Amino acid sequence: MTDATADRTLVRVEDFLPQPPTAVWHALTTPELLAQWLMPNDFAPVVGRRFHFRTEPIPAARFSGVIACEVLELREPELLVISWADEGEGNDMDTTVTFRLEAHDGGTRLTIVQAGYRPDHPGDQMARTIMGGGWAGRILGRLTEVLGGAG
């Protein structure tokens, strides 16, 4: 479910997953699993680690297909915060993505917040619209599939 607020600086998505936080954490922090539900990457769960996600570019949105990230905060198995910025020229969007896991009813309440979108910047708002639909739809759906196969 997506937050219906009109806050143009962020995307917030919450979902309940029947797996315990340790299983969800494993899917968030294991590069091979992360690649299955999000994007190919060179992630490592270490604060300060710089890494990249890679996917198909979207020229019309000035998206290079390479996302430069850094692990900003890490508290296993409850919190992962990463920076998220397009590495290409001509796209200066700079956001953070927070994954918060809470044990709930035998499973996990997962909250994903991508914050830092500039409210009056057309490129940021286009990205916010795209990512809002992505996090709430395809991305969470793929995470659920990976978790179902891992259980």
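1. Let's start with the largest pocket: the residues of its lining divide into 16 nonpolar, 6 polar and 4 charged. Please keep in mind as you look around that this is a predicted model.

2. How much space lies in the largest pocket? The value is about 520 Å³. Of the 26 residues that line this pocket, Ile58, Phe63, Ile67, Ile130 and Met131 are the closest to its centre.

3. Which element gives the most to that lining? Helix H3 does, with 9 residues. Both E4 and H3 supply at least two residues each.

4. Now turn to the largest nonpolar core, which has 37 residues. Those that touch the most other members are Trp37, Leu38, Phe53, Ile82, Trp84, Phe99 and Trp135. Here again H3, spanning residues 122–150, gives the most, with 8 residues. In soluble globular proteins, nonpolar side chains tend to be buried together.

5. Not counting residues up to four places away in sequence, Leu38 touches Phe53, Trp84, Trp135, Ile139 and Arg142.

6. Finally, have a look at Asn91, in the loop between strand E4 (79–86) and strand E5 (94–104). Is Asn91 buried or exposed? Asn91 counts as buried because its relative accessible area is 16%, and the cut-off for buried is under 20%.

7. What does Asn91 contact, leaving aside its neighbours within four places in sequence? The list is Ala61, Arg62, Phe63 and Asp86. A polar atom of the Asn91 side chain lies 3.0 Å from the backbone oxygen of Arg62. The Asn91 side chain also makes a polar contact with the side chain of Asp86, at 3.3 Å.

Key: Residues numbered from 1 in each chain as written. Predicted model: local features only at pLDDT ≥ 70, side-chain atom pairs only at ≥ 80, totals over all residues. Heavy atoms only, no water. Core = buried A, V, L, I, M, F, W, Y, C linked by side-chain atoms within 4.5 Å. Buried < 20%, exposed > 50% of the residue type's maximum accessible area, 1.4 Å probe, protein only. Helix = DSSP H or I, 4+ residues; strand = E, 2+ residues; numbered from the N terminus. Contact = heavy atoms within 4.5 Å. Polar contact = N/O pair within 3.5 Å; in protein donor to acceptor, adjacent residues only side chain to side chain. 1 Å grid on protein atoms, 1.4 Å probe; cavity = no way out; pocket = protein on both sides within 12 Å on 5 of 7 lines; lining within 4 Å. Points joined across faces, edges and corners; volume = space filled by probe spheres on them. Nonpolar A, V, L, I, M, F, W, Y, C, P; charged D, E, K, R; others polar.
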